[in-house]
Amino acid sequence: MNDDLQVKLKNIKVIPEEERRLEMLGDYGYRWRVRESGVEATLDSVGSEVKDRSRFTEYFFDFDDTLFDTKAYVDSIFLELEKLGIPIEEAKAIYNKLKIYRPEDFVQSLKDAYPDTKDLIESALKVSNPYDFVKPDMSLLIKELSVKDSARVHILTRGDCDYQLEKIKSVFMALGAPIDVLITEKSKAEFLKNYLPKEYPYINDRDLVRSFLVIDDKPEEIEQLSKLRQTIPFLSIVRLRDPSGKYSGNETSGEKSLEYTQEELKDILTP
């Protein structure tokens with residue numbers, strides 16, 4: 001890491017929560033962004049000094065199992081529930097029935113199944129601190145990209161807005177930088193199909209081109225995002241595929257995307 005980059009990384013200031021606002025984006029999602037102020041990095045101003053706009057890249061990083069070790073976090077919750085007498089396999093079965101995970105729905109289902117421990121269940125879910133499960137190497141990668149003049153970094157996550165924000169806020173001290181957080185309950189392909197043309201109206205103008213790079217680990221999302229490339233120019237998809245990853249054994253169908261391990265991705269994006 002060169003000296004200039006080290007200085008930039010040290011100067012990263014986490015944007016306080018009170019300087020952010022949550023915006024609803026039509027019927028397809030939400031954006032938690034820096035408020036309009038001196039610290040806001042607008043879509044048009046970021047990288048405006050970059051003469052070769054074709055080298056400007058917008059990065060969209062998945063959160064769960066990419067920047068955040070979701071499996072380890074959820075397993076820690078199961079262990080706390082086991083202390084209350086709730087078998088791990090039973091807790092997993094209840095958890096897996098939820099199409100969109102919301103803590104209040106999970107808690108209620110547990111209380112219905114184990115009424116004798118209902119007064120302790122909510123406390124058990126609060127023992128694990130999400131901050132402890134952020135992936136340090138990926139956090140550093142986010143920081144390094146965020147200080148590059150030719151890049152803008154976003155987190156694009158799928159799930160319940162309140163729950164995803166709760167986790168992301170807890171780890172933002174580790175991520176740092178004025179990163180926009182995008183949240184949707186729809187597929188990420190559906191979200192970007194609506195979001196990109198609206199936020200980047202010049203998306204088809206080859207003289208004002210930006211590259212869009214989406215990093216995700218889930219085969220289902222990768223397959224749908226790959227199809228989106230037919231209508232969104234300059235969109236690249238990278239599958240993060242570490243041997244220990246939750247979905248590493250699952251293959252994607254259709255057009256193959258680029259696949260890298262966490263270490264390979266870091267070497268490519270921050271040479």
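User: What should I keep in mind about the model and its numbering?

Analyst: Residues are numbered from 1 along each chain as its sequence is written. In this predicted model, local features need pLDDT of at least 70 and side-chain atom pairs pLDDT 80 or more, while totals for chains, interfaces and linings use all residues; side-chain values use heavy atoms, without hydrogens and water.

User: How is a pair of aromatic rings described, and how many aromatic pairs does the structure hold?

Analyst: A pair of aromatic rings is described by the distance of the centres and the angle of the planes. Rings of Phe, Tyr and Trp (its six-membered ring) pair if their centres lie within 6.5 Å; planes under 30 degrees apart are stacked, over 60 edge-to-face, and the rest tilted. The structure holds 13 aromatic pairs. In one of them, Phe-78 and Tyr-95 have ring centres 5.7 Å apart and planes at 85°, so the pair is edge-to-face. Phe-78 lies in helix α2 and Tyr-95 in helix α3 (residues 88-96), so the pair ties together parts 17 residues apart in sequence. Helices here are DSSP runs (H or I, at least four residues), numbered from the N terminus.

User: Which residues do ring pairs link into a cluster with Phe-78?

Analyst: Ring pairs link Phe-78, Tyr-95, Tyr-101, Phe-106 and Tyr-163 into a cluster.

User: Is Phe-78 buried or exposed?

Analyst: Buried means under 20% relative accessible area, exposed over 50%, partly exposed in between (1.4 Å probe, protein chains only). Phe-78 counts as buried at 4% relative accessibility, and Tyr-101 is buried too, with a relative accessible area of 13%.

Note on methods:
Helices (H or I, at least four residues) and strands (E, at least two) are DSSP runs, numbered from the N terminus.
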